[in-house]
Amino acid sequence: MGLGLLIVVLKTVALRTGDANWDRAARFWGRIFAINFVFGVVTGIPMEFEFGTNWARFSRLSGGVIGQPLAMEGVFSFFLESAFLGLFLYGEKRLSKTMHWFSAVMVWLGSWISGFFIIVTDAWMQHPVAYERMPDGHFEVLSFWQLLLNPWGLLQYMHNMTGAVVTGSFVMAAVGAFYLLEGKRREYAEIFLKVGVIAGAISTVAIIFPTGDLHGKYVARNQPAAMAAMEGLFRTEIGAPIVLMGQPNEETQQIDNPIAVNDVLSFLIYGTTKAEVKGLDQFPRDQWPTALPLLYYSYHIMAGLGTWFVLLMLVCALLLWRDKLSGVRWALWALLLSFPLPYIANTAGWMTAELGRQPWLIYGLMRTSEGYSDMVSAGNGLFTLLGFMGMYTLLGLLFTVLIYREIARGPEPKEVHA
Amino acid sequence: MMGFIWFWLVAVMIVGYVVLDGFDLGVGVLHLFLARNERERIITLRSIGPVWDGNEVWLLAGGGTLYFAFPLLYASAFSGFYLPLMIVLWLLILRGVSLELRNHLDMGVWQSLLDGVFGLASALLTIFYGAALANVIRGVPLQATGYFFLPLWTNWMPGPAPGILDWYTVIGGLLALVALTLHGALWLVLKTGGELEQRARSLVKPLWGALLALTIVSLIATIAVRPSGLDNYNHYPVTYIVPVGVVASLAAILAWTRKGAALKAFLASCVYLFFMLAGACWALYPTLLPATTGAANDITLTRAISGPHTLAVGLVWWIFGMALAVTYVVFVYSRFRGKVEAGGH
């Protein structure tokens with residue numbers, strides 16, 4: 001999704017300036033986007049099926065609500081995205097320049113609409129709004145617009161999409177740095193670095209402020225137990241500290257080896273250092289997030305990496321502005337080596353959101369243990385889980401090989417097979 | 001009324017999926033036999049390259065529509081058909097990835113392997129889809145709670161405790177394999193030239209013969225397995241137009257192929273698939289998933305349907321969204337009309 005936006009940037013410059021190098025750069029990233037897209041489609045289909053196959057009891061009760069955004073994703077986004085991606089990849093000769101640019105825009109739009117509906121779906125599970133519970137227990141939508149404009153969803157959407165742009169920027173900048181360090185394809189490397197670092201500087205700042213900040217405050221007010229667990233705050237405190245490092249110990253209910261800064265958590269959540277922040281002691285044990293240490297680490301990994309992203313991208317942006325970046329080898333190395341980190345940060349962010357919601361499947365309304373398919377035996381569940389693990393390991397390897405080959409081949413004009 | 005509308009809207013999505021993804025599945029089955037060299041193979045695959053993932057979207061959009069319009073049916077059927085659905089998912093993954101990979105890896109042995117995977121996965125998918133539809137027509141052992149779970153096979157008989165595969169659903173699977181392979185062959189006649197086109201054309205007649213035989217067999221078998229399937233037709237005799245349409249479109253496929261009207265022949269095949277599926281839906285209506293454990297356990301329209309507000313709002317965006325979607329589909333197909341050529345993008 002981040003890459004979709006960056007391809008639009010490349011195509012726009014190409015269209016404006018008529019510079020063929022920018023067009024080739026767009027085509028190159030288009031091929032990489034296509035590989036991502038295919039792997040995304042084939043791994044995405046199971047996600048939609050899983051609602052029914054593995055979470056039948058949940059689907060039966062909630063279909064009237066979250067079936068809606070899921071179906072809208074298919075109808076409004078997938079058709080758009082797949083149709084125009086086909087045109088973008090296969091149709092350059094059959095389309096005018098403007099039409100080809102337009103396909104790139106539509107692919108980007110499709111992927112961002114898709115993200116929106118998925119986040120709306122997740123947001124309803126995190127923060128259910130606009131529903132009515134029927135006598136037999138199932139949920140119906142009361143207001144379509146309130147469902148789509150769930151404040152939780154809007155905040156999460158901004159945060160998530162910014163995270164996608166961070167990932168796209170880092171990958172693009174890293175490929176640019178790789179080419180420069182190898183001493184080849186200077187003309188493309190400069191383009192990639194420029195676009196990657198500028199987009200990266202903007203998005204890495206935005207991921208923390210305002211989007212991360214707002215989203216965090218909203219979590220603290222609406223899922224206080226999740227926030228307490230994310231921060232490792234076992235006891236309620238006035239002027240609560242923020243724990244930068246340390247390991248949560250569930251037995252003794254404290255953080256081992258803490259490095260903490262007093263008052264900061266209160267300030268971040270409530271804007272004043274003296275505010276009271278609820279700790280886990282305020283909640284009965286059966287409402288604590290189930291995998292507490294994992295949640296704590298996910299959140300801290302995400303936040304720690306986010307800080308590194310801002311530092312690196314701002315320094316690189318400064319170097320770029322002074323026109324020095326392509327000669328500073330340590331900065332190029334840092335960019336190159338940092339490319340996997342946004343993937344980790346995004347995954348950790350999603351784990352934070354979903355683990356934080358536990359033990360609830362629909363927050364406050366339905367527990368996770370009430371939602372799975374009880375007709376599917378544990379043996380069948382394990383069998384298919386193992387199957388998916390094997391399949392996805394294979395896919396991950398193939399994906400890496402394919403992307404590496406594309407990068408090694410580079411954006412030069414050549415006879416290409418789509 | 002809402003129930004009636006949404007029943008047919010979901011049916012439309014299924015027909016859209018079968019008609020569109022059907023031909024690229026058929027091409028997947030055929031490419032192993034038809035393409036004799038690398039150039040022909042590239043042309044064959046390129047004929048579906050820009051459209052196959054868009055075709056698969058119909059499955060996703062259809063699944064989503066089913067989910068929100070009939071949550072009970074979605075929950076019950078997807079968990080009950082757990083094992084075959086997982087196999088379908090794995091096949092879809094293998095198929096999509098092998099097609100994408102073979103365009104990137106230019107090493108002979110790997111390409112042969114990937115072509116094999118692509119062809120085999122395509123063939124198995126058509127069989128599973130056919131068997132799935134036959135399962136729905138035959139019925140499943142629903143409990144009073146609205147749930148069931150089917151093993152892959154039991155004693156291969158469509159009794160009260162059947163498996164996914166029995167003699168009846170196997171016929172359904174074979175029917176789908178032949179129908180979609182023919183559909184793919186007609187697409188290739190339309191989209192390719194030279195020897196490749198000739199070879200595809202020469203396959204049409206034997207496939208057509210097999211399809212005619214299987215259509216008749218499956219019709220008789222369906223009446224034997226589900227005699228109540230005729231009730232709707234007898235109640236509204238005008239709907240006997242559906243079997244007439246099946247026969248007419250079958251005849252048209254052969255007639256137009258003989259005349260060399262490739263586009264018309266392909267469209268006739270689309271119409272055939274439409275009538276077959278619509279006929280099956282009409283035979284079931286208003287039951288969505290019949291029970292082999294007594295009609296009281298049937299999942300019916302009124303039992304499975306979402307609330308009126310959900311459906312009313314849904315209708316507005318659905319019509320708007322699908323109008324847009326059809327526009328894209330028409331646009332893409334019109335951009336890629338004509339025969340496929342090798343080389344270049």
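User: In this predicted model, which residues touch the most other members of the largest nonpolar core?
Analyst: The model is predicted, and its largest nonpolar core holds 224 residues. Helix α3 (residues 56-90) of chain A gives the largest share of this core, with 19 residues. The members that touch the most others are A:Trp29, A:Phe192, B:Phe70 and B:Trp317.

User: How many residues make up the other core that lies apart from the largest one?
Analyst: A separate core includes A:Ala123, A:Trp152, A:Ile255 and A:Leu295 among its members. The number of residues in this other core is 26.

User: Which residues does A:Phe192 touch, not counting residues up to four places away in sequence?
Analyst: A:Phe192 is one of the residues with the most contacts to other members of the largest nonpolar core. With residues up to four places away in sequence set aside, the residues it touches are A:Ala25, A:Phe28, A:Trp29, A:Met172, A:Ala173, A:Val175, A:Gly176, A:Tyr179, A:Val197 and A:Pro411.

User: How far apart are the end C-alpha atoms of helix α1 of chain A, and what span should its residues give?
Analyst: Helix α1 of chain A covers residues 2-17, which is 16 residues. At 1.5 Å a residue, the helix should span 22 Å, and this agrees with the distance between its end C-alpha atoms, 23 Å.

User: What covers the buried residues of α1(A)?
Analyst: The buried residues of α1(A) include A:Leu3, A:Leu6, A:Ile7, A:Leu10 and A:Lys11. Just after this helix, A:Gly18 takes a positive phi of about 70°. The cover over the buried residues includes, from chain A, α2 (20-53), α3, α4 (97-126), α6 (151-182) and α7 (186-222).

User: Which helix of chain B is included in what covers the buried residues of α13(A)?
Analyst: Helix α13 of chain A, residues 378-409, should span 46 Å at 1.5 Å a residue, and its end C-alpha atoms are 46 Å apart, which agrees. Among its buried residues are A:Phe388, A:Met391, A:Leu395 and A:Glu406. The cover includes α2 and α6 of chain A, and from chain B it includes α5.

User: At what angle do the axes of α5 and α6 of chain B cross?
Analyst: In chain B, α5 (residues 82-102) and α6 (residues 108-138) have axes that come within 8 Å. The contact, which includes B:Leu91 and B:Leu92 of α5(B) and B:Phe118 and B:Leu125 of α6(B), has 16 nonpolar, three polar and three charged residues. The crossing is left-handed, and its angle is roughly 145°.

User: How many charged residues are in the contact of α4(A) with α12(A)?
Analyst: α4(A) packs against helix α12 (residues 341-357) of chain A at about 35°, with the axes 10 Å apart. From α4(A) come A:Ile119, A:Asp122, A:Met125 and A:Gln126, and from α12(A) come A:Trp350, A:Ala353, A:Glu354 and A:Arg357. By class, the contact has four nonpolar residues, one polar residue and, as charged residues, three.

User: Is A:Phe209 buried or exposed?
Analyst: A:Phe209 is placed in helix α7 of chain A. Its relative accessible area is 55%. Because exposed means over 50%, A:Phe209 is exposed.

User: With which residues is A:Phe339 in contact, leaving aside its neighbours within four places in sequence?
Analyst: A:Phe339 lies in the loop between α11 (329-337) and α12 of chain A. A:Phe339 is partly exposed, with a relative accessible area of 38%. Beyond its neighbours within four places in sequence, A:Phe339 is in contact with A:Phe170 and A:Ala174.

Technical notes:
Residues numbered from 1 in each chain as written. Chains lettered and ligands numbered in written order. Predicted model: local features only at pLDDT ≥ 70, side-chain atom pairs only at ≥ 80, totals over all residues. Heavy atoms only, no water. Axes fitted to C-alpha atoms, helices over the stretch in contact; angles between N-to-C directions. Helix = DSSP H or I, 4+ residues; strand = E, 2+ residues; numbered from the N terminus. Left-handed = near helix turned anticlockwise from the far one by under 90°. Contact = heavy atoms within 4.5 Å. Nonpolar A, V, L, I, M, F, W, Y, C, P; charged D, E, K, R; others polar. Core = buried A, V, L, I, M, F, W, Y, C linked by side-chain atoms within 4.5 Å. Buried < 20%, exposed > 50% of the residue type's maximum accessible area, 1.4 Å probe, protein only. Expected span 1.5 Å × (residues − 1).
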